[in-house]
Amino acid sequence: HLDLSGFDTTQVGNFMSMFEGNSSIATLDLTSFHTPQAMDMSNMFKDMSSLTNLIMPNFDTSNVTNMSYMFSSSAAITDLDLTTFDTHAVEDMSGMFSGMTNLSNLNMSGLDTSSVTNMSYMFNGIMGMSTIDLSPLNTSSVIDMTAMFQDSKNLTHLDLSGFDTTHVENFTSMFSGVNNMTTLDLTSFHTHQATDMSSMFMEMSSLTNLIMPNFDTSSVTQIYSMFN
């Protein structure tokens with residue numbers, strides 16, 4: 001237990017790894033946290049393996065640029081509502097939800113990801129969902145999608161029709177280990193900037209229908225184990 005009701009965080013710019021590894025806390029009440037100066041929230045709740053109730057009604061994320069691994073491996077969380085988050089300045093969301101193995105409800109409808117360049121490992125190892133609503137994501141600035149959905153073994157469907165991949169260079173292991181999916185439609189993927197597609201579809205053992213009519217591999221230098 002932590003009583004943080006007396007904390008004044010109005011001047012705090014860096015919250016990186018603040019609660020990382022606190023594996024016994026089940027409820028974390030951050031109602032007192034006002035964060036208008038925050039720029040870095042990376043790893044903030046990482047490896048809080050017992051956390052089920054995260055209360056953060058007054059988070060101001062309008063100046064945050066780094067949310068990498070923010071909730072990573074907080075495996076007990078089942079519901080995460082980020083509708084109040086202002087993420088227009090965020091550039092790094094790598095690993096943001098990775099290892100959240102019991103997450104079954106993720107509301108990203110308020111997220112503005114137009115500035116995000118790194119989405120690598122973003123949904124890596126999410127086991128509690130058969131699909132993820134990706135419609136709020138703007139991927140027009142993304143350069144790195146490495147292992148974005150890797151080992152999310154219970155995914156059976158992904159609607160990627162809204163994905164803009166025109167600037168993505170790295171697709172390494174993007175869908176590797178997603179072994180319950182039978183159809184993957186990548187019609188929206190335009191890949192003329194891609195240099196690495198190694199292991200992209202590795203161990204997709206149920207995949208029977210792979211649709212990728214607009215793949216441009218003219219700049220790709222790494223393609224090993226792509227369909228292994």
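Predicted model: local features only at pLDDT ≥ 70, side-chain atom pairs only at ≥ 80, totals over all residues.
**Exercise 1. The overall fold**

Task: Find how many helices and strands the chain has, and check whether its radius of gyration agrees or disagrees with that of a compact globule.

Solution: 
- Step 1. Start with the elements: the chain has six strands and zero helices.
- Step 2. Read them from the N terminus on, and you get β-β-β-β-β-β.
- Step 3. Now turn to the radius of gyration. A compact globule with 228 residues would have a value near 17 Å, and the chain has 18 Å, so the two agree.
- Step 4. For the outline, picture a box along the principal axes: the C-alpha atoms fill roughly 55 × 30 × 25 Å.
- Step 5. Finally, look at how the chain meets itself. Of the contacts between residues at least 6 apart in sequence, 78% join residues at least 24 apart.

**Exercise 2. A threonine in a loop**

Task: Locate Thr139 and decide whether this residue is buried or exposed.

Solution: 
- Step 1. Thr139 sits in the loop that runs between strand E4 (105–107) and strand E5 (183–185).
- Step 2. Its relative accessibility is 1%. Buried means under 20%, so Thr139 counts as buried.
- Step 3. Who surrounds this residue? Once neighbours within four places in sequence are set aside, Thr139 contacts Met119, Met145, Phe163 and Asp164.
- Step 4. To put this in context, 47% of the 228 residues in the chain count as buried.

**Exercise 3. An asparagine in a strand**

Task: Work out which element holds Asn107 and which residues Asn107 touches.

Solution: 
- Step 1. Asn107 belongs to strand E4.
- Step 2. With 27% relative accessibility, Asn107 counts as partly exposed, because that class lies between the 20% and 50% cut-offs.
- Step 3. Leaving out residues up to four places away in sequence, Asn107 touches Leu80, Asp81, Leu82 and Thr83.

**Exercise 4. Pairing charges**

Task: Find how many salt bridges the structure holds, and say which side chains meet.

Solution: 
- Step 1. The count is one salt bridge.
- Step 2. The partners are the side chains of Asp151 and Lys153, at 3.6 Å from N to O. The cut-off is 4 Å, so this pair qualifies as a salt bridge.

Technical notes:
Residues numbered from 1 in each chain as written. Heavy atoms only, no water. Helix = DSSP H or I, 4+ residues; strand = E, 2+ residues; numbered from the N terminus. Buried < 20%, exposed > 50% of the residue type's maximum accessible area, 1.4 Å probe, protein only. Contact = heavy atoms within 4.5 Å. Rg over C-alpha atoms; globule rule 2.2 N^0.38 Å.
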